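Please keep the sequence and the 3D view at hand while reading the points below.

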Amino acid sequence: MTAPVEPAGPVAAPARPAAGGAAARAEPWVLRRLVWGLPGWITLLAYLFLLAPIVVLVVFSFNAARSTVVFTEFTLDWYARVFSNRNLGRALRVSLIVAAASAAIATAVGALAAVAISRRRFRGRSLIATALAAPLVLPEIVLGVGLLVFMSFAGFRLGYGTMIMGHVLVSLPFAVLIVRAAAAALDARIEDAAADLGANEWQTFRLVTLPQLAPSILTAFLLSATLSFDNLVMSTFTTGVGTTTLPLRIYSMLKLGITPEINALGTLMVVANIGIVLLVMGRYLPALLAQPRR
Amino acid sequence: MTRTLALAVLLGATALSPAAAAQLNIFGWADEMPDEVLADFEAETGITVTFDTFDSNESMIARLEAGASGYDLVNPSQYAVQILAGRGLIQELDHSRIETIGNIAEAFRNVSYDPGNVHSIPYVWGTTGLAYNRSCVTEPVSSWTALWDERYRGRIYMLDNMLAAYIAGLQVNGFNANSSDPEEIAKATETLIAQKPLLAGYNATNFADLVSSGEACLVQSWSGSVLQAIETNPDVVYVLPEEGGTMWIDGYSLLTGAQNVDEAYAFLSYILRPEVAAKTTELTKVATVVLEARDLLPESIARNSAIYPSDEVLANADFILDVGEAMKFYQDGWTRVKSAQ
Amino acid sequence: MRRERREGLVTALMLAPSVVVLGVFVLMPLCVVFAYSFALRDAYGGVVPGFTLDNYRALFEGLYVQVFLNSFRLAALTTLLCLLVGYPVAYFIAFRAGRWGPALLVLMLVPFWINFLIRISAWVVLLGRNGLINAALVGTGLAGQPVGMLGTQGATLAGMVYAFLPLAVFPIYAALQPLDRRLIEAGADLGANPAQAFGRITLPLSLPGVLAAALFVFVPSMGVFAIPVLLGGGKSIILGNLIVQLFLEFRVIPVGAAVSVVMLVLAAIGIALYMRALARIEAWR
C-alpha cells in the first residue's frame with residue numbers, strides 16, 4: 001500500500017467560491033443550494049449502499065447461532081475459530097504475495113503502454129490500444145481455461161508464476177484504460193514547453209508527465225491489487241499445489257453454508273483494511289492538512 | 001513500498017522452494033477432511049501435508065485434465081472415479097501397501113463404480129434427500145412431491161447441481177435416478193420446468209441456512225451440509241424421500257504421475273484407522289466407511305438416522321454412476337430448465 | 001533521421017512488455033480456445049482434435065438465445081444505473097471533497113478488500129425475510145408480512161450495481177481529476193452559469209472516463225455468475241453462468257469455447273464502438 005500522492009484539496013478549493021459566488025445571487029437560493037448539493041447527497045447514499053452490508057456483516061460475526069439471518073446471542077467464538085484455522089493464515093499470505101506482485105507488474109506494464117499510446121505517434125497504435133483492452137471483453141473463465149491448457153502444454157508447473165500471470169491479465173486492461181484516460185486529458189503544450197526549454201525526453205517524462213499521471217497510476221495500482229485480492233475465477237484455474245488464495249479458501253468454506261465464521265473473517269478484513277488506511281493516511285494526512293494553499 | 005514488495009517476493013520464494021522434509025499434496029472436498037486429522041498425521045509421521053480443496057467433481061476434473069497439477073492424492077465421488085479412471089488420470093492402487101485396508105466395511109469393498117477398489121479407496125458417504133422447516137411445513141413430508149406443492153410457492157429451493165436436481169425430477173416420475181433413457185430424461189426435464197414457477201431458486205451453497213432461518217420451507221439437500229442446521233434448530237428435518245433419494249461415496253485415488261507415493265500410502269493407511277475415521281465423522285458429521293469407527297462415536301452421531309440411515313432405507317436409494325453418452329440428454333435438458341422463463 | 005529512429009526505439013521499448021504479455025498469455029490461449037470451438041468431444045468430456053461446426057450450430061438452436069437476451073438486458077440496466085450514480089460520486093470526490101478526496105477513494109475500495117462472496121452473502125442477510133429491510137418494511141407498516149426479495153430480478157440488479165459501482169467511479173474520477181480548474185473558472189468568469197459550465201466544459205472533457213466506465217461495467221457484467229445465483233436464485237441464467245456450466249459443470253469444452261468466441265465477437269463490436277468514440281473525442285479537442 002502506498003499513500004495517495006497528489007492531494008485533491010488545494011486544486012479543488014478554487015471551485016467553491018466560483019460556484020457559490022456571483023451565480024448564487026441571480027437564482028433562488030434554495031434551488032441553487034439543492035442542485036449544488038446533489039452530487040454530495042448521491043455520494044452519501046452511494047456510500048451508505050456500499051457500506052451497509054459491511055455493518056450487517058460485522059454485527060452477525062458476533063452472533064452465537066450459526067445462522068446469518070437470525071441474531072440470537074453475543075459471542076466471540078467465530079473469531080477463535082478463524083484464528084485457529086491454519087488454512088486461512090496460509091491463504092492470506094498467498095493472496096497478499098499475489099496481489100502485490102501482480103499489481104506492480106500490471107501497473108508498470110500498463111502505464112508504459114498507456115503513455116506510449118496517448119502521447120506518441122506510431123503505426124499500429126489503435127491496434128495495440130484495442131489489443132490491450134481485449135482481456136476485458138474475454139470472459140475471465142475462458143482466459144483462465146485457455147491459460148491453464150496453454151501453461152500445461154508449455155510445461156509450466158502451476159503455482160505462483162501462473163497465478164500472478166493470470167492476475168496480471170485481469171488487471172492490465174484496467175490499468176491501461178485508467179492511465180490512458182488521464183493521459184488523454186493532459187495538456188500536451190506543457191510537455192512541448194518542457195521540451196522547448198531544453199528538457200530531454202526522459203526528463204520531460206520524469207519531471208512533467210509522470211507527476212501529472214501519479215494519481216492515475218496510484219489508482220491503477222490500488223485497483224489492480226484489489227482485483228487480484230478479490231479474484232476467484234482466474235485463481236480457480238491457475239492455482240497449483242499450496243497456492244490456495246483467500247477467495248478460493250472462502251469459496252470452499254461457503255459449501256457448508258454462510259456461517260458467522262465467514263463474517264468474522266470479513267470483519268477482520270475490514271479492520272485490517274482500516275488499519276492500513278489509517279497507517280497510510282496517518283502518515284500523509286497531517287501533511288496534507290498542514291499544506292498551505294497554492 | 002519497494003522494501004515491502006521485496007519482502008513479499010522473498011516470502012514467496014521461500015514458500016516455493018521445495019522443503020527437504022517429506023511432503024504430500026492432496027486435492028480434496030472442502031470440509032470432509034478435518035484440519036485436526038491432518039495435523040495429527042503430520043505430527044505422527046513428520047510428513048508435511050498440503051490440502052487444497054475443490055467444490056465440485058466437475059471443476060476438479062477440469063483442473064486435473066489440464067495436467068501438471070502436482071498433486072498426489074485426489075478425492076473424487078463415485079462417478080468421478082469412473083471418469084478419472086477412463087481418462088487415465090488416476091492409477092491402480094497397490095492394496096498391499098495400505099495396512100488398514102481390512103477396516104473398510106464389507107459393503108464398500110466391491111462398489112459398482114470401481115469393483116475391488118482398484119482405482120479408489122472409499123472413505124466417506126452420505127445421501128441426497130430433502131430438508132424442511134416444521135415452523136412452515138406443518139405436516140410430515142416423506143416424498144419428493146412436496147417440492148412441487150403449490151402451498152409452498154416461492155419458499156422452495158432445489159440443489160443448483162444438474163445430477164442432483166434430476167434425482168428428484170426422475171424419481172418423482174417413478175424412474176431410476178441413474179436413468180440413461182432419453183424419454184425418461186425428457187419427461188423429468190418437463191417436470192423440472194413445470195416446477196420452476198414455484199421455486200425461490202436453485203442453490204448449492206447456503207441452502208441449509210435458508211431452510212434453518214425459515215427463508216425457505218423446503219430445500220432439496222445433501223445430508224452432510226444440512227446436519228449443522230439440524231443441530232442448532234430442532235425444527236429442521238432431513239428425510240430421504242420414499243421414492244429413494246440417492247447415496248454418494250467420496251474416496252481417495254492416487255494420481256498418475258504422483259511424486260510422493262510412499263507418503264500417499266502412509267496417509268491412506270492412517271485415515272482408515274478406526275479412531276481416525278471416528279474423529280473425521282465426529283468433526284464433519286459425515287459417515288465413514290470404517291465399520292468399527294461407528295462404535296467409537298457418541299450416541300448422538302452413531303444413532304443419528306440422518307448420518308447413518310437404516311439398511312432398508314439405503315437399499316431403496318439409487319446410486320449415481322457415470323451415464324456416458326446419455327449425459328448429453330441431461331445437459332441439454334438442464335440448460336432448458338435453467339434458461340426457461 | 002537519427003532522432004526519428006531513437007523515437008521509434010523508445011516507443012518500442014515502452015510497448016514491448018505489454019506486447020509480450022498479450023502475445024504469450026492472451027493470444028496463444030485465445031488460439032487454443034478458438035481451435036477448441038471446432039473440436040469434438042469424447043465420452044469422458046475430453047477434447048478430441050477435429051473440425052466440426054456442430055458447436056456453433058448448437059448455439060442457434062434456440063436453447064441459448066434466451067441466455068443471450070437475459071445477459072444483454074441485465075448488463076445494460078447495470079451499466080445505466082452505475083453511470084447515473086457513479087458520475088455524481090466521482091464528480092463530488094474530484095471537485096468537492098477537497099482534502100478528503102483520497103480518503104473517499106480508499107473508502108470506496110474498502111468493501112473490495114472483503115471477499116466478493118462474503119459481501120454478496122451479506123446482501124443475502126439484508127434481503128432475507130428476517131433481514132433488516134423486511135424488518136423495516138413490516139415495522140413501518142409498509143408491508144403486512146415479510147416480502148420474499150431473494151430470488152428476484154431486483155435483488156440481482158441491486159447486487160450487480162453494488163459490485164460494479166466502484167468500477168464506474170474510478171475511471172470517471174481519473175478523467176475528472178486532472179481537468180484544469182482554470183477552464184471551468186474561465187467559463188464562470190465569462191458568464192456561464194454552473195449548469196452551462198458543466199454541460200459545455202466538464203461533461204465533454206470527462207466523456208472518455210464515462211465511456212471507459214461504461215465499458216468496464218457492461219462487458220464484465222455479462223460474464224458474472226455468482227450474483228444471479230446467490231441473489232437471483234439462479235433462475236435467470238446469463239452468459240457467465242452458461243460458460244461456467246459448459247466448462248466446469250458439463251465439461252462440454254468445445255461448445256463452451258464456441259459460446260466464448262461468439263461473446264468475444266459481440267464484445268469486440270462494443271470495444272470498437274468505444275474506440276471510435278474515444279478517437280472522435282480526442283480529435284474534436
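**Briefing on chains B and C**

The model is predicted.

**Helix α11 of chain C**

- Helix α11 of chain C spans residues 239-249.
- Of the 11 residues of α11(C), 11 are buried, so the helix is largely enclosed by the rest of the structure.
- The buried residues include Leu239(C) and Gly240(C), together with Leu242(C), Ile243(C) and Val244(C).
- Asn241(C), Gln245(C) and Glu249(C) are also among the buried residues of α11(C).

**Packing of α11(C) against α3(B)**

- Helix α3 of chain B, residues 57-65, packs with α11(C) at an angle of about 65 degrees, and the two axes are 8 Å apart.
- Because angles of 65 to 115 degrees count as roughly perpendicular, α3(B) is described as roughly perpendicular to α11(C).
- On the α3(B) side, the contact is made by Glu58(B), Ser59(B) and Ala62(B).
- On the α11(C) side, the contributing residues are Phe247(C), Leu248(C) and Glu249(C).
- Sorted by class, this contact has three nonpolar residues, one polar residue and two charged residues.
- Phe247(C), Leu248(C) and Glu249(C), which take part in this contact, are also listed among the buried residues of α11(C).

**The contact between chains C and B**

- Chain C gives 26 residues to the contact, and chain B gives 31 residues.
- On the side of chain C that touches chain B, the elements giving two or more residues are α3 (65-96), α5 (116-127) and α11 of chain C.
- The most is given by α11(C), with three residues.
- The residues on this side of chain C comprise 12 nonpolar, 10 polar and four charged.

**Strand β10 of chain B and its partners**

- Strand β10 of chain B, residues 246-255, is mostly covered, as 10 of its 10 residues are buried.
- Strand β3(B), residues 73-74, pairs with β10(B) in the antiparallel sense over two bridges; here Leu73(B) stands opposite Leu254(B).
- Strand β4(B), residues 90-91, also pairs with β10(B) in the antiparallel sense over two bridges, and Gln91(B) has Leu254(B) as its bridge partner.
- Strand β5(B), residues 121-133, runs antiparallel to β10(B) and is joined to it by seven bridges; Pro122(B) stands opposite Gly251(B).
- Strand β12(B), residues 318-319, pairs with β10(B) in the parallel sense over two bridges, and Asp318(B) is the bridge partner of Thr246(B).

**Domains of chain B**

- The domain assignment divides chain B into domain 1 (2-123 + 248-308) and domain 2 (126-246 + 317-339).
- The C-alpha centres of domain 1 and domain 2 of chain B lie 28 Å apart.
- The contact takes 12 residues from domain 1 of chain B and 13 residues from domain 2 of chain B.
- On the side of domain 1 of chain B that touches domain 2 of chain B, helix α4(B), residues 78-86, gives the most, with four residues.
- The residues on that side of domain 1 of chain B divide into eight nonpolar, three polar and one charged.

Methods
Residues numbered from 1 in each chain as written. Chains lettered and ligands numbered in written order. Predicted model: local features only at pLDDT ≥ 70, side-chain atom pairs only at ≥ 80, totals over all residues. Axes fitted to C-alpha atoms, helices over the stretch in contact; angles between N-to-C directions. Parallel < 35°, antiparallel > 145°, perpendicular 65-115°, else oblique. Contact = placed C-beta atoms within 7 Å. Nonpolar A, V, L, I, M, F, W, Y, C, P; charged D, E, K, R; others polar. Buried ≥ 20, exposed ≤ 12 C-beta atoms within 10 Å, placed from the backbone. Pairing = 2+ DSSP bridges. Domains from an automatic or database assignment.
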